[in-house]
Amino acid sequence: MKLYTYPGAPNPRRVHVYLAEKGLELPFQHVDILKRENRSPEFLEKVNPLGGIPVLELDDGSHLAESVAICRYLEALHPAPPLFGRTPAEQGRVEMWVRRLELYFMVPVGMVWIHGSPLTARVVKQQIPAVAEQNRGVVARTFELLDRELAGREFFAGDDYSMADIVGLTTFDFAADLNGLRPPAGLSHLGRWHAAVSGRPSARAGARRG
Ligand SMILES: N[C@@H](CCC(=O)N[C@@H](CS)C(=O)NCC(=O)O)C(=O)O
């Protein structure tokens, strides 16, 4: 097995944090997304037709893309400690929060990144500032929702740290560090959660350097 990855990128970081939580190690191959290596004809043809990373190359030479799918695959091979829930209800709650965090947090942050960042202006065909602005509002509302939800429990899916927290942490840091999107100081439950998940040793895995 081999993981195609790039240090500091938020989606690959999910897999690195997951591996650290599990105490697993995998060989890596760095793909420089700034140099568009993931968009080379060879990468698109042989590794991932959508061009995104991370991608896991399996021992039979086939490829598995999508960060959460990669972690689910690894979870089936290494069930302990469980990061996708134990009981059917826990598993459903983890899935619910992974999807909510992807759809209502990562997607709008990604839209701000694509349409509002000077760092992507060079590669995006047409930046539409109004799209960035609208999605800044979506992210602000998501911060409030997440804060309200975390008022009642320690982690997104319940009492246990899960894949949902990994998606939440990596998106939160992408929002803050690369897009300047931070929750207002008054959202104390979200702040408490972020401090707790950032304090775990796994949070350093795959994070931005320097
Ligand atoms: N939904 C995919 C997203 C993959 C993705 O967009 N990865 C980014 C890095 S965070 C990437 O490869 N960007 C460069 C590009 O698409 O050219 C996942 O969860 O793995």
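The entries that follow go through these places in turn.

**Ground rules.** I am working from a predicted model, in which local features need pLDDT of at least 70 and side-chain atom pairs count only at pLDDT 80 or more, while totals for chains, interfaces and linings use all residues. Residues are numbered from 1 along each chain as its sequence is written, and side-chain values use heavy atoms, with hydrogens and water left out.

**Helix α1.** I took helices as DSSP runs of H or I with at least four residues, and strands as runs of E with at least two, numbered from the N terminus. Helix α1 covers residues 10–22, which is 13 residues. From first C-alpha to last it reaches 19 Å, close to the 18 Å expected at 1.5 Å a residue; the expected span is 1.5 Å times one less than the number of residues. I then checked burial (buried is under 20% relative accessible area, exposed over 50%, partly exposed in between, with a 1.4 Å probe and protein chains only). Eleven of the 13 residues of α1 are buried, so the helix is largely enclosed by the rest of the structure. Among them are Arg13, Arg14, Glu21 and Lys22. The cover over the buried residues includes β1 (2–5), β2 (28–30), α3 (67–77), α4 and α6. Gly23 follows α1 and has a positive phi, near 70°.

**Helices α4 and α5.** The axes of α4 (residues 88–116) and α5 (residues 129–150) come within 8 Å and cross at roughly 150°. Axes are lines fitted to C-alpha atoms, for helices over the stretch in contact, and angles run from 0 to 180 degrees between N-to-C directions. The crossing angle makes α4 roughly antiparallel to α5, a label for angles over 145 degrees. I listed the contact (heavy atoms within 4.5 Å). Residues making it include Trp97, Tyr104 and Phe105 of α4 and Arg136, Phe143 and Glu149 of α5. By class, I have 15 nonpolar, four polar and two charged residues there. Nonpolar means Ala, Val, Leu, Ile, Met, Phe, Trp, Tyr, Cys and Pro, charged means Asp, Glu, Lys and Arg, and the others, Gly among them, are polar.

**Two serines.** Is Ser162 buried or exposed? Ser162 counts as buried, at 3% relative accessibility. It sits in the loop between α5 and α6 (163–179). Beyond neighbours within four places in sequence, Ser162 is in contact with Leu83, Val94 and Ala157.

Ser62 is in the loop between β3 (55–57) and β4 (63–65). At 29% relative accessibility, Ser62 counts as partly exposed. With neighbours within four places again set aside, Ser62 is in contact with Leu56 and Glu57.

How values were computed
Parallel < 35°, antiparallel > 145°, perpendicular 65-115°, else oblique.
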